[in-house]
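Visitor: I'm new here and would like to learn how to read a structure. Could we go through it feature by feature?

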Amino acid sequence: MSDRVKVRLVDVAHARSGDKGDTANVGLIAYEERWYPFLVEHVTRDAVARHFGSNIDGPVERFELPNLWALNFLLHGALDGGGTLSLKTDAQGKVFSTGLLRMVVELPRTEAERYGVPVAK
């Protein structure tokens, strides 16, 4: 048994996304209150920027909404001008929520057990 495990965000949260100009706005909401601290600690601004890589051209901002068990991310430069200016297939940024849910966090098994998060098989 490995001492490190993987947790898929899709197993602990749901997400919504949309656009505001050239910025994709992504909300990540924990399914259970006990999983919110896991999201806060592991779904950082830098981790999200690495996850999306060259799909975004600008910085990532993160906002914590503990009363909603949620994190909100602004992905600047994600929409190639946005709306009517963009030639991207998803000029309104709707697919960024699905993209974020595909993120996998690797952490020590003991930490996953402490959070009570489901571990990927």
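Visitor: Let's begin with Thr23: is it buried or exposed?

Guide: Buried means under 20% relative accessible area, exposed over 50%, and partly exposed in between, with a 1.4 Å probe and protein chains only. Thr23 has a relative accessible area of 13%, so it counts as buried. Before we go on: this is a predicted model, where local features need pLDDT of at least 70 and side-chain atom pairs count only at pLDDT 80 or more, while totals for chains, interfaces and linings use all residues. Residues are numbered from 1 along each chain as its sequence is written, and side-chain values use heavy atoms, leaving out hydrogens and water.

Visitor: Which residues does Thr23 touch?

Guide: Contact means heavy atoms within 4.5 Å. Leaving aside residues up to four places away in sequence, Thr23 touches Gly18, Leu74, Leu75, His76 and Leu79. With His76 there is also a polar contact between the side chains, at 3.1 Å. (That term means a pair of N or O atoms within 3.5 Å; within protein, one must be able to donate a hydrogen and the other to accept it, and residues adjacent in sequence count only if both atoms are side-chain atoms.)

Visitor: Where in the fold is Thr23?

Guide: In strand 3. Helices (H or I, at least four residues) and strands (E, at least two) are DSSP runs, numbered from the N terminus. Two strands pair if DSSP finds at least two bridges between them. Here strand 2 (residues 13-20) and strand 3 (residues 23-30) run antiparallel, joined by 8 bridges; Ala13, for one, has Ala30 as its bridge partner. The two strands form a hairpin with 2 residues between them, and Gly21 in the turn has a positive phi of about 70°.

Visitor: Now helix 2: which of its residues are buried?

Guide: In helix 2 (residues 45-52) they are Ala47, Val48 and Phe52. Seen down the axis, they fall within an arc of 125°, so they line one face of the helix; the arc is taken from the directions from the helix axis to the C-beta atoms. They pack against helix 1 (36-42), strand 4 (60-65), strand 5 (70-75) and helix 3 (96-101).

Visitor: And how many aromatic pairs are there?

Guide: Rings of Phe, Tyr and Trp (its six-membered ring) pair if their centres lie within 6.5 Å; planes under 30 degrees apart count as stacked, over 60 as edge-to-face and the rest as tilted. The structure holds 2. One of them, Phe38 with Tyr115, is edge-to-face, 5.6 Å centre to centre with 70° between the planes.
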